[in-house]
Amino acid sequence: MAAVAAGVVLFAEAFGVFMLLMTVGIVVENQSMSLDGLDPAMMSGGALGFGIFAAVFLAGCGLVLLFVGARDRAPARFARILLVVVAVVHGVLGALAVGLVGWEAFAVLMVVLALIVFTLVAYGPGGRPDGPEARQGAEGEQGERDEKRAQKQESFPGEPGPKPAAS
């Protein structure tokens, strides 16, 4: 459920970022604004280009999150890397937003970050088991790992070693 919510939020954020940067580009061009002699048309084009890039990136991450939520499975390696990148971007933007925009923007970015991180944690690298057979296999593997771990434990001087495994 959190993955679907995060996906929807990222789609809305993609639209908002695109509209914001498109507006900035239009204002820069209409006002003939220049930064240290740069051509206003280049600055307008750069704002529009970055708006398109940011919107496609955020929409792609939202699509990944929607697929994760719909399939109820962990994201693949590339998708997980993509989600980690968007989480880091939200963390950095949240830190910058406190000083530049205010605590409200920080709170919104941290809610989005929390949804993304919760999705990454909830759908760990191994994914969720598909059925009862997978759960039984996972429990059997866990029992074997616990048994091996108990055998490998070193005993302190004066204490008995690990108990022998029952056959």
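Buried means under 20% relative accessible area, exposed means over 50%, and partly exposed lies in between (1.4 Å probe, protein chains only). The legends below use these words. This is a predicted model, in which local features need pLDDT of at least 70 and side-chain atom pairs count only at pLDDT 80 or more, while totals for chains, interfaces and linings use all residues. Residues are numbered from 1 along each chain as its sequence is written, and side-chain values use heavy atoms, with hydrogens and water left out.

View 1. Helices (H or I, at least four residues) and strands (E, at least two) are DSSP runs, numbered from the N terminus. From the N terminus on, the order of the elements is α-α-α-α-α. The protein has 167 residues, and 27% of them count as buried.

**View 2. Helix α2 has 32 residues.** From its first C-alpha to its last, α2 reaches 46 Å, close to the 46 Å expected at 1.5 Å a residue. The expected span of a helix is 1.5 Å times one less than its number of residues. An α-helix has 3.6 residues a turn, so residues three or four places apart point the same way.

**View 3. UniProt lists residues 7-28, 48-69, 81-100 and 106-126 under "transmembrane region", in an unreviewed entry.** UniProt positions are given in the numbering used here, feature names are shortened, and annotations may be inferred rather than shown by experiment. Residues 48-69 are 100% helix and 0% strand, with end C-alpha atoms 31 Å apart. Residues 81-100 are also 100% helix and 0% strand, and here the end C-alpha atoms lie 28 Å apart.

**View 4. The largest pocket has a volume of about 330 Å³.** On a 1 Å grid over the protein atoms alone, a pocket is an open set of points where a 1.4 Å probe fits, with protein on both sides within 12 Å along at least five of seven lines; lining residues have an atom within 4 Å of a point. Grid points are joined across faces, edges and corners, and a volume is the space filled by probe spheres set on the points. The lining has 13 residues, of which Val 17, Phe 50, Ala 54, Leu 58 and Leu 93 lie nearest the centre of the pocket. Helices α1 (2-31), α2 (40-71) and α3 (77-100) each supply at least two lining residues. Because domain 1 (1-29 + 43-73) and domain 2 (75-124) both give residues to the lining, the pocket lies between them. The domain bounds come from an automatic or database domain assignment.

**View 5. Met 22 lies in helix α1.** Met 22 counts as partly exposed, because its relative accessibility is 27%. Met 22 and Phe 50 are 28 residues apart along the chain, and their C-alpha atoms are separated by 9.2 Å.

**View 6. Asp 72 and Ala 76 are found in the loop between α2 and α3.** Asp 72 is not a glycine, although it has a positive phi of about 60 degrees. At 35% relative accessibility, Asp 72 is partly exposed, whereas Ala 76, at 52%, is exposed. The C-alpha atoms of Ala 76 and Val 64 are separated by 9.6 Å, and the two residues are 12 residues apart along the chain.

**View 7. His 90 is found in helix α3.** With a relative accessible area of 1%, His 90 is buried. The C-alpha atoms of His 90 and Phe 106 are separated by 9.5 Å, with the two residues 16 residues apart along the chain.
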